[in-house]
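Work through the exercises below with the sequence and the structure in view. Each task is followed by a solution in steps.

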Amino acid sequence: MANKILAVLEQRDGLLKRSAFETVSVANKLASELNLEAEAVVVGNEISNINDVGNYGISKVAHLKNAELVNYSSSGYRDAIVNYANEVDADYIMLANTSLGKDLAPRLAVKLGAGCLMDCVKLDTSSGDLTATRPVYAGKALVDVKFNSGKRVITIRPNVFKAQPSDNSSVDITVKEVSSPNLKTRVVEFKKSEGKLDVAEADIIVSGGRGMKGPENFYLIEELADSLGAAVGASRAVVDAGWRPHGEQVGQTGKTVSPSLYVACGISGAIQHLAGMSSSKYIVAINKDKDAPIFNIADYGIAGDVFDILPALTEEIKKVKQG
Amino acid sequence: MKIAVCVSHVPDTATKVKIGEDGKSIDPNGVTYVINPYDEYAVEEALKTKEKIGDDSEVIIITLGSDISKESIRKALAMGADKGVLLKEDNQRDSFGIAKALAEEIKSQGCELVFCGKQSVDYDNSIIGQLIAELLGYSCVTVVVELTIDVNKLTAEREIEGGKEIVESELPAVITTQKGLNEPRYASLKGIMTAKKKTIEEKPAVDSINLTEVLRMHLPPSKQTGRILGTDKSAVPELVKLLREEAKVL
């Protein structure tokens, strides 16, 4: 029997997240390259879109179910997944490098006696064994890493690997009731940030820096973000100045992001900011100083005044979207 | 209660990374090393906890690294921590090897509460706290921005995508700290003077195997400098056209 790779899928409010389908796709690809058998596991109560996993080529999913595991519990999820991984004797465990994945992966690794590689952006099997590439120093450099352990836990960076739909859409879902889950550490409440998209999950980000001159001018950033369906980001300088909340900070002491489009407004491009966003697919910079470092990594730039350009850009985007 | 804070000594975030001679790590020449920024929140929270629960508690700074790491221990001592331990290791370890040595020391010191930064800004793994907790059988809450400890129970707010989770757990526990949890205090002149007299115990880090291994370090492909389309709003239509037709992101 082939060795197994187990894709751990993340659900919130009973819905599998987009990263879950990416994880399934990557697990499948790795399975075919290393001659493994791929299956998936998800912990939660009711999960309404669990059948969708079949569209991404995985044929077996275990649903570890208990009403008390509806929200994340690091102890409860860990124990349920470790028990299942031991039952099916999985050698590889794969998760998305989300808040949940980051929290859970190392716990699984210790319990399974596995090595743990986090936030991988490339998986190469051309040598016959796995070499993973992961960013360090917030993306200023990359390292190629390998496992010395037999059992292996891997997390993959969201938004980097694409979910690959497959023709084979039959999926065998086994529901396993988890008896008396370990709820020593558990989420008792979730406070949603009001109506806001998070920079860590957004496909487009509009960020503002010190060039915005004050918190009262961030409505220009918000309006542009609204017109694009984007999240609002911020530089460290404006977060430290108290203009914007820390959750919006992009950079080495904030969030590392790689959206399809990153619009930097009034941001000069300190090295610690660039580290957090330079892997964005397309970068637009709007800054008065034509020598600002942000222009070195921007695909398109306008070397002018944000107060002149942003309202015009918002108008133009709205026009195009309606047209 | 004994409170441990795990601190790491890392390149400042303004560092421009160059690859070192071994091809596996950065070139340390000209690099300024500092206490890991997230660990400052850990030190501050430990000191605040000590102030709240009373004077018989003790804050112990534990660091794994070479002699130069003592600078970060001194900084934490100057902020008000009671003593430091340097687990000496000149070679590179993976996260598991680091966590194993830290966990052994935490156990032998008898600490029931442990604070770590949520990640170190060099290797960015964000897993040391969880590994320590699992090795010791402690609870663990990560990326914490608000914390209340009440006898053996703790309530923490952790930052996740799109909001905050309120988590309940129990002591003994490891907490990993995120920006926003507190405002780290500055070391006073008196603090800096007193820190010089505080002990930093040095001992070899316990042996551990590396479960993962760095093969090489390399720089990301450099981005081609793009086009400056203009200097005022007259460039906006062209920008939008390029985003639609060339980049295809709209």
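**Exercise 1. A helix pair in chain B**

Task: find the hand of the crossing of α3(B) and α4(B), then describe how the two helices pack.

Solution. The model is a predicted one.
- Step 1: α3(B) passes α4(B) in a right-handed crossing.
- Step 2: Two packed helices are described by the angle between their axes and the distance between the axes.
- Step 3: For helix α3 (residues 95-109) of chain B and helix α4 (residues 128-136) of chain B, the angle is about 55° and the axes are 9 Å apart.
- Step 4: The two helices α3(B) and α4(B) are therefore oblique to each other.
- Step 5: On the α3(B) side the contact involves Ser95(B), Phe96(B), Ile98(B), Ala99(B), Lys100(B), Leu102(B), Ala103(B), Ile106(B) and Lys107(B), which meet Ile128(B), Leu131(B), Ile132(B), Leu135(B) and Leu136(B) of α4(B).
- Step 6: Sorted by class, this contact of α3(B) with α4(B) has 11 nonpolar, one polar and two charged residues.

**Exercise 2. A helix pair in chain A**

Task: describe how α4(A) and α8(A) cross, and name residues that make the contact.

Solution.
- Step 1: Helix α4 (residues 219-228) of chain A and helix α8 (residues 306-322) of chain A have axes that come within 9 Å and cross at roughly 20°.
- Step 2: That angle makes α4(A) roughly parallel to α8(A).
- Step 3: The crossing of α4(A) past α8(A) is left-handed.
- Step 4: From α4(A), the contact takes Leu220(A), Glu223(A), Leu224(A), Ser227(A) and Leu228(A). From α8(A), the residues include Val306(A), Leu310(A), Leu313(A), Thr314(A) and Ile317(A).
- Step 5: By class, the contact of α4(A) with α8(A) has eight nonpolar, two polar and three charged residues.

**Exercise 3. The length of a helix**

Task: what should α1(B) span at 1.5 Å a residue, and how far apart are its end C-alpha atoms?

Solution.
- Step 1: Helix α1 (residues 37-53) of chain B has 17 residues, which should span 24 Å.
- Step 2: The end C-alpha atoms of α1(B) are 25 Å apart, which agrees.
- Step 3: Among the buried residues of α1(B) are Tyr38(B), Tyr41(B), Val43(B), Leu47(B) and Lys50(B).
- Step 4: Just after α1(B), Gly54(B) has a positive phi of about 115°.

**Exercise 4. Where the chains touch**

Task: how many residues of chain B are in contact with chain A, and which element gives the largest share?

Solution.
- Step 1: The contact joins 69 residues of chain B to 73 residues of chain A.
- Step 2: Elements of chain B that give two or more residues to this side include α3, α4, β7 (139-150), β8 (153-160) and α6 (236-245).
- Step 3: The largest share on the chain B side, eight residues, comes from β9(B).
- Step 4: By class, the side of chain B that touches chain A has 33 nonpolar, 18 polar and 18 charged residues.

**Exercise 5. Backbone exceptions in chain B**

Task: are Val143(B) and Val151(B) buried or exposed? Then find where the cis peptide bond to Pro172(B) lies.

Solution.
- Step 1: Most residues other than glycine have a negative phi, and most peptide bonds are trans.
- Step 2: Val143(B), in strand β7 of chain B, has a positive phi near 55°. With 26 C-beta neighbours inside 10 Å, Val143(B) counts as buried.
- Step 3: Val151(B), in the loop between β7 and β8 of chain B, has a positive phi near 50°. Val151(B) has 8 other C-beta atoms within 10 Å and is exposed.
- Step 4: The peptide bond from Leu171(B) to Pro172(B) is cis, with omega near -5°. Pro172(B) lies in the loop between β9 and β10 (173-177) of chain B.

Notes
Residues numbered from 1 in each chain as written. Chains lettered and ligands numbered in written order. Predicted model: local features only at pLDDT ≥ 70, side-chain atom pairs only at ≥ 80, totals over all residues. Axes fitted to C-alpha atoms, helices over the stretch in contact; angles between N-to-C directions. Helix = DSSP H or I, 4+ residues; strand = E, 2+ residues; numbered from the N terminus. Parallel < 35°, antiparallel > 145°, perpendicular 65-115°, else oblique. Left-handed = near helix turned anticlockwise from the far one by under 90°. Contact = placed C-beta atoms within 7 Å. Nonpolar A, V, L, I, M, F, W, Y, C, P; charged D, E, K, R; others polar. Expected span 1.5 Å × (residues − 1). Buried ≥ 20, exposed ≤ 12 C-beta atoms within 10 Å, placed from the backbone.
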